[in-house]
Number of protein chains: 2
Amino acid sequence: MKFNTTPVRGTVDYLPTEMEIRTYAERIITNTYRENGFLQIKTPILENLDLLLSGDSGDNQKLMFKTVKRGGKLDLSKPNLRESDIVEEGLRYDLTVPLVRFFAGNKEKLPYPFKSIQIDEAFRAERPQRGRVREFTQCDIDILGESSPLAEIELLCAGAMAYSRLGFENIVIKINDRRLLNEVIEKVGFDPSETIEICISLDKFDKIGEQGVYDELIQNNKDEKCVRRLLEFFEKLKTAKTNEESFEYLLKYGISENVINSLKVIIETTEKFLPKSFKLVFDSTIIRGQGYYTGTIFEVYDEDFGRAIGAGGRYDNMVEKFSGTKVPAVGFSIGFYSVVMLMIEKKILPKNVKIALIYNNDNTFEEIMIAKNILIQKGYETSVFLFPKNFKNFVSKLKNNGYNKIVKIQDLDKIIEI
Amino acid sequence: MKFNTTPVRGTVDYLPTEMEIRTYAERIITNTYRENGFLQIKTPILENLDLLLSGDSGDNQKLMFKTVKRGGKLDLSKPNLRESDIVEEGLRYDLTVPLVRFFAGNKEKLPYPFKSIQIDEAFRAERPQRGRVREFTQCDIDILGESSPLAEIELLCAGAMAYSRLGFENIVIKINDRRLLNEVIEKVGFDPSETIEICISLDKFDKIGEQGVYDELIQNNKDEKCVRRLLEFFEKLKTAKTNEESFEYLLKYGISENVINSLKVIIETTEKFLPKSFKLVFDSTIIRGQGYYTGTIFEVYDEDFGRAIGAGGRYDNMVEKFSGTKVPAVGFSIGFYSVVMLMIEKKILPKNVKIALIYNNDNTFEEIMIAKNILIQKGYETSVFLFPKNFKNFVSKLKNNGYNKIVKIQDLDKIIEI
């Protein structure tokens, strides 16, 4: 009998070389975050359905994987069967909803504010495309319980330190504030109830351009005068060359001082602790799709890559929704898949020494193990192989799997680079 | 609105202190295995249903989580609906079946023999009980493509090195061979077709004792004379005091020399590379439930714990079943949950230095970040907190979350142990 050896649609198998980079990246990120005072936690992949269905992220709910009821609980003979009759749990679509549940359930045991690290799998049944998989690793830090901009400063500094230690240079962090967007939207004449819808269109600026955003808003029956005023605001703001010029314009435009000051203090303080080649800039075109953001929002860009490789923001209302208690919250997420992809492209890779120890048929198991242990003692990752029939093919496979040295058991001192 | 904050039935949230030990253990195990020449891979949690349903592990299939079809694919109006009409993928119940699929699909890219590391989640809807969770971490190494006992020797040496580096002492590895059991079962008069059934009963020796095994076999209509002869064999074997005495008895009993010699060379070679306080002993009562084992089987015990904390064996037929090509295989699995539990009990824990940096309301964000970075530079995992209202409660929470030092921002040199 023979089976299909390809993984489930939209999922991937990770070969040893890619896995080595993933593990390397994961350790650097975790270590950096731990040094910065964050504590790692882990929640289950299986999550309560009612919790997942109550979230603010409409699209994620449509893309949710659900498990079917087991054993006697599954009654398929029932008339007018609905999906809710046959499903039991959900697979989480992000790490934020489980974090909020975790925090609400364990608050008494945790330090406050609570600073968490999560590096774990999430699931979304998206249409498979380049760089989008259905089972993916999320890499989040969050601060629950800190309302001051210190939370944003700590997140951004820790995140930047992680990118830097991974080997990234020339990183630009773009920052904005949802409250600013809300004020502008109201100022140009829209009703506050239209805010989320308008933000969803504005979020497409990158993809469909100014005309595209205009067309979409008009199509959605938004008032033309308001739309024009809104786009004018962004156009004028774009002409500002520095953060300072932008803030001056915003102040003149009538944006609340406390919103501007919050952005100012975050930028001015964080900048002092960023690696030299990193930049932090105010950018009013950063929107972030999710409806749950309430304040600061930010995205991380590498100059060699079009899409964001990290993002986050403040979501001050979510914990209250789940637990009844108001707890301010900010999160930052590294785009793990893109980061690993870029590390491979940029060749900023771990430097392990992997050696293949070649033995012969006349070697005893004991001889092989003695030689192997000598090499392990010397600090090599040591894999033993019988002298191969096709040496060239053997060496080429070794190289493709990250081996960089080879040695024969009869001459352990003669290590050859491959 | 308020939601249930407990995780899905049978799953657990990991708090920071436990998570720290898990990460520590995972890193030691991965590093040790890598030094021993194993390569880490990762397969998806979502797995093809037909593959999962074709396995040899009957019970695991009953306990499988399955995902429900999404969107238009789910047709609940169909008459005589069956479970197979509504399910799409499965969540893997172990890492062995996915490994075999992975290997069959990527053989040409991988070194041969292929030595893999997998540390990942698997899912079984077991009745929740102490030490059994529905979503659990498996920690496997496997060697695919090595038929000689070198595979067992390498697995056992690498496994023992991992336990030792985690801080375990007085580990006993018990080893047996399925071929030996098969021969004995046939020799006492059973039909070979009864072997698996008899092994399942023999596997309960620990729990139900000799009389229990006898009763169960008789109840299952096994021939009484054969049952008596079988139990007599085990009783006599038990009187042997050393591995040598056992092998002498087996030879006299008529067990094939090649089976005995394989056990002998594995034990004699491996023993030379074990940490001093570790033992490797032949034990005919080690059975292992799964039907897929074809040769050596082994279990790892810590003297302070009743159940095995690691296990494995040879499964030479499984790859052929999935891929059509015969590939010998041996695997070893560390019981990650039990190992972490025992590490906590034995207090063999990571020695991180976690410090709480206390600031005041009159400190600027910049001052706080400067002080934090000084402590990070000194090698501390540094978390900042505003001077708390209830200092005693604050310190007690810190201690429970693994913090061992505290320092005030106005006197960074005065670090206090807590």
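Which loop of chain B holds Pro113(B)? Pro113(B) is found in the loop between α5 (96-106) and β5 (114-123) of chain B. Helices (H or I, at least four residues) and strands (E, at least two) are DSSP runs, numbered from the N terminus.

## Model and confidence

This is a predicted model, in which local features need pLDDT of at least 70, side-chain atom pairs count only at pLDDT 80 or more, and totals for chains, interfaces and linings use all residues. Residues are numbered from 1 along each chain as its sequence is written, while chains are lettered from A and ligands numbered from 1 in the order in which they are written.

The model scores are ipTM 0.93 and pTM 0.94. For chain A the mean pLDDT (the predictor's confidence in each residue, from 0 to 100) is 93, and 98% of the residues reach 70 or more.

## Chain A overall

Chain A contains 16 helices and 15 strands. Its C-alpha trace spans about 85 × 65 × 45 Å along the principal axes. Of its 418 residues, 43% count as buried. A residue is buried if 20 or more other C-beta atoms lie within 10 Å of its own, exposed if 12 or fewer, and partly exposed in between, with C-beta atoms placed from the backbone.

Two residues are in contact if their C-beta atoms, placed from the backbone, lie within 7 Å. Among contacts in chain A with a separation of 6 or more, 67% come from residues 24 or more positions apart.

## Buried parts of chain A

Helix α5 (residues 96-106) of chain A has nine of its eleven residues buried, so it is largely enclosed by the rest of the structure. The buried residues are Thr96(A), Val97(A), Pro98(A), Leu99(A), Val100(A), Arg101(A), Phe102(A), Phe103(A) and Ala104(A). Their cover includes strands β2 (46-48), β5 (114-123), β6 (135-144) and β11 (329-334) of chain A, along with helices α2 (49-53) and α13 (318-323).

Ile406(A) sits in strand β14 (residues 405-408) of chain A. It counts as buried because it has 21 C-beta neighbours inside 10 Å. Leaving aside residues up to four places away in sequence, Ile406(A) touches Ile355(A), Ala356(A), Ile358(A), Ile416(A) and Ile418(A).

## Helix pairs

In chain A, the axes of helix α11 (residues 243-253) and helix α12 (residues 257-271) come within 11 Å and cross at roughly 170°. That makes α11(A) roughly antiparallel to α12(A). Axes are lines fitted to C-alpha atoms, for helices over the stretch in contact, and angles run from 0 to 180 degrees between N-to-C directions. Angles under 35 degrees count as roughly parallel, over 145 as roughly antiparallel, 65 to 115 as roughly perpendicular and the rest as oblique. Asn243(A), Phe247(A), Leu250(A) and Leu251(A) of α11(A) meet Ile260(A), Lys264(A) and Ile267(A) of α12(A).

In chain B, helix α6 (residues 150-166) and helix α12 (residues 257-271) have axes that come within 9 Å and cross at roughly 40°. The contact joins Glu152(B), Ile153(B), Leu156(B) and Cys157(B) of α6(B) to Ile266(B), Thr269(B) and Thr270(B) of α12(B). These residues divide into four nonpolar, two polar and one charged. Ala, Val, Leu, Ile, Met, Phe, Trp, Tyr, Cys and Pro count as nonpolar, Asp, Glu, Lys and Arg as charged, and the others, Gly among them, as polar.

## Contact between the chains

The contact takes 87 residues from chain B and 86 residues from chain A. On the side of chain B that touches chain A, helix α1 (residues 16-35) of chain B gives the most, with seven residues. That side of chain B divides into 41 nonpolar, 23 polar and 23 charged residues.

## Backbone exceptions

Most residues other than glycine have a negative phi, and most peptide bonds are trans. The peptide bond from Tyr112(A) to Pro113(A) is cis, with omega near 0°. The bond from Tyr112(B) to Pro113(B) is also cis, with omega near -5°.

Asn170(B), in the loop between α6 and β7 (171-177) of chain B, has a positive phi of about 50° although it is not a glycine. Asn170(B) is exposed, with 12 other C-beta atoms within 10 Å. Lys347(B) has a phi near 55°, a positive value in a residue other than glycine. Lys347(B) lies in the loop between α14 (336-346) and β12 (354-359) of chain B, and counts as exposed because it has 7 C-beta neighbours inside 10 Å.
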